[in-house]
Each structure stands twice: as structure tokens, then as C-alpha cells.
Amino acid sequence: MTFGEEVTVHGDPDGTHIQYPDPAGRQIVARVRDLAFAYGGSASPALRGVSLDVHAGEIVVLEGPSGGGKSTLLRALAGLVPDFHGGAVSGAVEVDGHNALALPPAALGGAVGIVFQDPESQAVLDTVDRDVAFGPQNAGLPAHEIVRRVRQALDDAGATHLTGRRIDELSSGERQRVAIAGVLAREPRLLVLDEPTSQLDHDAATALATTLRRLADRGTAVVIAEHRGERVRPIADRVLTVTDGLLAPAPPPDEAVVVLAPPSEVPGTPAVRVLAVDAGHGERRVMTEASMALVGGRVTALVGPNGSGKTTLLRVLAGLHCPDSGCVMIGDDDVSALPPELRFPRLGLVPQDPGRHLLTETIADEIGVALTSLGVEGDARSARILDAARDMGLDHMLERHPLDLSVGERERVALASILVARPRVLILDEPTRGMDPARKRDLARIIRSRAADGVAVLVATHDVPFAMAAADEVLVMRQGGPVPGELPPATVLTI
Amino acid sequence: MGPMGGDRAPMPIVLLVLVAGILAFTSDQPLVLAALAAGAVVFLLAAPGHPGHLVLIGALVSAAGVLILTPLVSGQGDLVLFTIPMPPLLNGEITAEELGAGASAAARVLATVALAAALFAWADPDRMLAGVGRVAPRSALVSAIAARLVPTLRRDARAISETARLRGIVLTTGPRMARARRAAPLALPLVGSALERGLDVAEAMAARGYGEGRRTRLPERRMDIGERTTLALTGILAVVVGWAIAIGATDFSFFPTMGPILTPASIALGACALAALVLAALALGHPRGVGRQSAP
């Protein structure tokens, strides 16, 4: 059946409210036919003839490389493409009987809810419960129903304990839970989520997967775009891949662990040490008498739940967070009093969400900032920029503006911008967020390669398969400091 | 960095600021304006998150400018204090009356800015936006985006600065001008970030049904003892201000000779304004609890 030809159109005379027969006996909540879309000014289409049915109670997982079109497809399902983004569109998208390509999102009547990739951008109001109530308020629900929906949504998202908190004070993982609750509060028939576990720890991701399965069992259709398939494949009814704007069934996960370079047999001297550091945020103590050492030639994974202090430890190491007591040594130098610019280039930190904070107009300039600080000019500069860009798969886009890139591509730019300075201590905070498996493999190889050159590498991550593939040893944030530990079990190794 | 806005019910604070503002603009009495400015500064500095310091510096600079410029552009007053050489069009003969008028205008500037800043520092921004939304929904949309953007951009500004420092750009040491020169290019990514964040927030609002139709409200908690006390203080101040305006106690003449500053009416009015603002700061600063409705 060709969509749009053999259907009976009911409802609004202007054709904006369309109902379709249900040939398979299951209720179809979302139907996409021959959808093609190109963003304004883009040379190539983001989607090319995508067709998809999503049934009530079904969970569809979308995988595929960064920039392949997953987020665009989710936005089309949510009515944001082309209404909000503009661009050239053809084909059809219907959600719960509404023509999502013709109507603005607000006119879809809450049939669809979308959780964006960056939870920071999803909050509209200042406190958790008010923000979660924003959607039901827009729907004009009575006050008692708003209260019920907010309670239920917070419970479903595992965020009841955040009630009354200010959004500004939440960690990334907590914000992600609130963003999910804010969408659940509309009780949408179709729930679409873009990388929903990217900032969640293992337990929180498992809890979210359980919640999504429960919602689907109640009849909600769920579409999830996720690079970390091992977290959502167990609950999926179908797994598809979006590559170069085309939709296809996903191949089974690659369970083979990439054989990486063996760890250094001869441990070097400590490249960086943290000695009895106390640190916190105001009254809240995060680290107490914390000590650790990173050795050149080894990759150390730092794991721990959201809010356990991983980022604080990394910021203390880099000089961005002043400890209350204790000291930080790079080699034999006490650098506790030095700001980050004076720890550069011996120590390089790629912070969380670095793609948001790029400094220049082109990728080449961005990678070159560190070289300017080092006084590297001319051919040597160009060669190093090209090398760093090639390592991260960016060499074909050196003149593009960073804001034109996908989230995963931006993060690679930020990584290249630090790696180009060749720090002897390399610290990465959640570096695989928004990265597809192929890029993760590349990153693991790059990290191992730097370690083989004698660099001490510390990676704070929730990504267990990545840590298993990349790290020689594991530190777990526990009781206010890093202690040697083991990784939690991974469901499927996709690296 | 403190949070953006307090968690207090906006109505008592809006009314208090309104009454105090009316007094600031209707009174020329130097004593009343000085008391009002002092009270407004206390009210601002007592707000949660201590957000008033930068605003206060700006207000003090503006007030100092008014104080200095008023005698230079005015040519009135009987009591000449001193004469300074001045280019044409400016007045170098400084009188006590001109200084008095300048001081009053400076106090008015300080009081007005501090009161406005205190309103945003104490009042719950979400509830203020909800109030704006009732009378001007489109303005509320713009305000909501702006309100969300301010704290986000503060974080972005800090993150951009940290990104630069992690790549060896020295922003915290060295001569001030050199640091400013190195920091100036960072304004561009911040503007880019602001535009992108604005689009993101607008997209999130659209996706969450903003503009769908008539909005309803989450029930808000009842006013607690501190907010009710502020409301009572506002009522008393409103009565006193009304009485003072009615009997002409807010009038004051600077020229040609300055009138009496210390009069019973001006002392009473100034004391009342100062007391209302200081007591309101104490009442609102008291931990909430009485009259609080459980959150959903």
C-alpha cells in the first residue's frame, strides 16, 4: 500500500487530521512514509525516503552513526520538522491521527512527547515540579489532574526525590530524569527519546529501561535513538539503523571485544598524584582525604554513580576546582596553587559536554587554539592540526563551523583540540557521550595509542563497554574518594 | 554564584516595591530619600544568593555620577561653597543647594535600582512569569526564554572561559588590559551559544505544547508568615505615604535656599520607609514553613 494513495481521509476538511485503517490489527500510533528532508542550506538531505510504522506498546530502537539522521527522524515524529527548523520536506508523517508535517507541535494535542539529547535545553521553568507541570499546564488540565500527573511522572522517571529542587542545582543525570518526567506528564501516545541514557549511570539507565518497558506495556509507543544499544536493546521490540538518511533493520550487535594494545608491562613513575584532598561545593563535602596516582603508559577508568564526585575530582586535577586541603602533584611539582592555564600543556582535560563551548569559527582554528598558546606556527602548526583532525575523523571538514556539526562531531572537535597539545596527562570526562560505536572504537584506539607513548590517561565514564575496552585499571568513586575496583557487568560488549 | 531569583511569593514584594517606588518618585525630601535608599540597599543585600553586589556597584556609580554632575549643570542656590574652573556651558560655582539636590537625586537613583533588583532577587521568577502570562502571554514567552537563558549563559560563560584556560589562554593573571584583550574574543562564542540556547529553549517549549491553548496553573502554596508580614508592612507604609503626600510632607524646595531637612514629618516618613524595608527583609529572610502547601 502506498501511503497517501489508498487511504480514506477522515476528520478535518483541511486534511490536517487523518485517520488510517489498521491493516495488521494492531493500532498504529505513528506512521511515516517516504519521508525526505533537508535542512535549509544543507547540501545533502538528512532523511531520504524513510518509511516506518510504530505500533501501540512497541519499543523501536534507532541506532546508527552520528549525523546519520536519527535525531531528525525523531524531530519529524514530534512535529518539529519542518515546523520549527524549516527546510525542504516530502512524504508523510502521522502521529495518533494528526498530520505532523502540517501542524505545529502544539496542535498535535500532546500525542507525542520528545526528550532531547541535551537535558539542559529541555527545562523551561526553575524548579523541578513546576517544570514537570509545564506540559500539563499547556494542555489546560485542571489543577488536581496536574498534581496527579506530576507525581506520577516523577515517580515513573525515578525523580520523586528531586521534587522542589531547583533545576540549576541538579547534576546532568538528574536533569535527564526531570526532562523525561516533563514529557511523561503529558501522557503521550508516542514517546520519542534522543540518547536518553547518555548521562545516566548504570543503575539509572537500567531503571529508565524498566520504566520505558512498563510504559510500552501500558500501550505507549516508544522510539529511542541510542548509541549505547546495550542499554536499550534488551527492552526493544525492533532495532533499526539510520545511516545516511536511510532506515534499515539493524545488524545484530558486534559482541567481539576489539583486541587492543597490551598494557604497559613496566609501570612508569606517577605522572600525577592527588594527595589527601578534601573538596566540595559549599557545605556539601564531595571528596574526603582522597588520594590517587596516575602512571604514565596506563589508561585508568573512573566510574561511579551520578553525583559521586567524578567530575569534581577531574576538575581538582585540572586546576578548575580549588580543594579545601591536600595537594596535586604533576611529576614532582606541587601544582595545587597553579591555575589550569599553567598546568597546560602537561595536563589536558576534555570536560563534560565540550561541544557546547567551542571558541572559534572553523574546526581548523579550534584545533589550533592550543598550538597558538604553545607558539607553534607555520607548517608545523598545519601538520599537527591535520594529524589531530585525522585521528578524530575530522580532516574532511576542517573549514566547517563547529555549530554546524552534530553533538558527536563537536565532541570530537573538542577532543582533537586537547590532543593536539600532546599532554602527558590526558583526562576525559564522559568522552563517549553522543558517539557512535565506530567512533568509540576509534577513541579507544587513540587513547591506547597515547598511553603506549607514555601518556597517563584518566577517563571518567558511565560507558562500561568502552571502559572495558580502553582501560587497564578501574577506580571507583566510593565514600568520598577513588578506590581500586571493578567494572559493573555489561550486558553486551559493543566495542 | 547564587541561584537566579528567590522563592518568595511575588505579590507582597511587588506591592512593597511599588509603594516604596512611589515614595521615591514623589518625595524630594533628602532625609526621606536617604532613608529609603538605605532601606532598599538592606532589602537587596538580604536577598537569597547575595545577588546584589554587582547591581549595587552599578547603582552607586550611577548615583555618584548624578551627585557630581548636578552641581555642574545647575546654576542655582544662594550659599556658594566653592568655585572650580570649568569650560563653557558648565557651572563652576558650587552651591550647597545644588549639592543637596544632587544628593537627593543620587539617593533616588540608588533606591530605585536597589528596589528593582531586590524584587527580582526575592521573588519566585516562575510565579512572576505566570503573573505576566495572565496579562501578556507573548511577553511571558519571551520572558521565559530570557529567564531560562540568564543562568544558562552564566554557566556557558564560565565553561567557555574554562575551555580557553585549559588550552593555555591566560585569563586570570597578568595586567588587566592584557587579560581583557585575551578574553574579548570569547564574547563571540558566547553570543553563538546564546543564540543556540535560545533556539533550544524555544524548541523545547514548542515541543511541550506551549501555545496549545488556554493554560491552567499548578496550585501555589499559600503565603507564609514572612510574606504576610511583608504584606502588612506594605499596607502600613502605603497608608503613611498616602498621608505624607496628602499633607505635602514629601514636598521640598532646594532653590533658591534649601528648606528644613529635619522636620517631624520627614523624620517620621523616613523612619517608616526604612523600618518597613528592613523589617520586610528580616521577615522574608526567616525560613519558610508556616502556611506552606505540600508540593505535588
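1. At roughly what angle do the axes of helix H1 of chain B and helix H4 of chain B cross? In this predicted model, where local features need pLDDT of at least 70, side-chain atom pairs count only at pLDDT 80 or more, and totals for chains, interfaces and linings use all residues, the axes of H1 (residues 10–26) and H4 (residues 96–122) of chain B come within 10 Å and cross at roughly 175°. H1(B) is therefore roughly antiparallel to H4(B), a term for angles over 145 degrees. Residues are numbered from 1 along each chain as its sequence is written, and chains are lettered from A and ligands numbered from 1 in the order in which they are written.

2. H1(B) contributes residues including Val17(B) and Gly21(B) to this contact, and H4(B) residues including Arg108(B) and Leu115(B), where contact means C-beta atoms, placed from the backbone, within 7 Å. The residues of the contact of H1(B) with H4(B) divide into 10 nonpolar, two polar and one charged.

3. Chain B has 10 helices and two strands, these being DSSP runs of at least four residues (H or I) and at least two (E) respectively. Of its 296 residues, 42% count as buried, that is, with 20 or more other C-beta atoms within 10 Å of their own.

4. In chain A, four strands form an open antiparallel sheet in the order S12-S11-S14-S15, with pairing defined by at least two DSSP bridges. Its edge strands are S12 (284–295) and S15 (333–334) of chain A, and Met329(A) stands opposite Asp334(A) in S15(A). Helix H7 (residues 310–318) of chain A lies across S11, S12 and S14 of chain A, running at about 120° to S11(A).

Note on methods
Contact = placed C-beta atoms within 7 Å. Axes fitted to C-alpha atoms, helices over the stretch in contact; angles between N-to-C directions. Parallel < 35°, antiparallel > 145°, perpendicular 65-115°, else oblique. Nonpolar A, V, L, I, M, F, W, Y, C, P; charged D, E, K, R; others polar. Buried ≥ 20, exposed ≤ 12 C-beta atoms within 10 Å, placed from the backbone.
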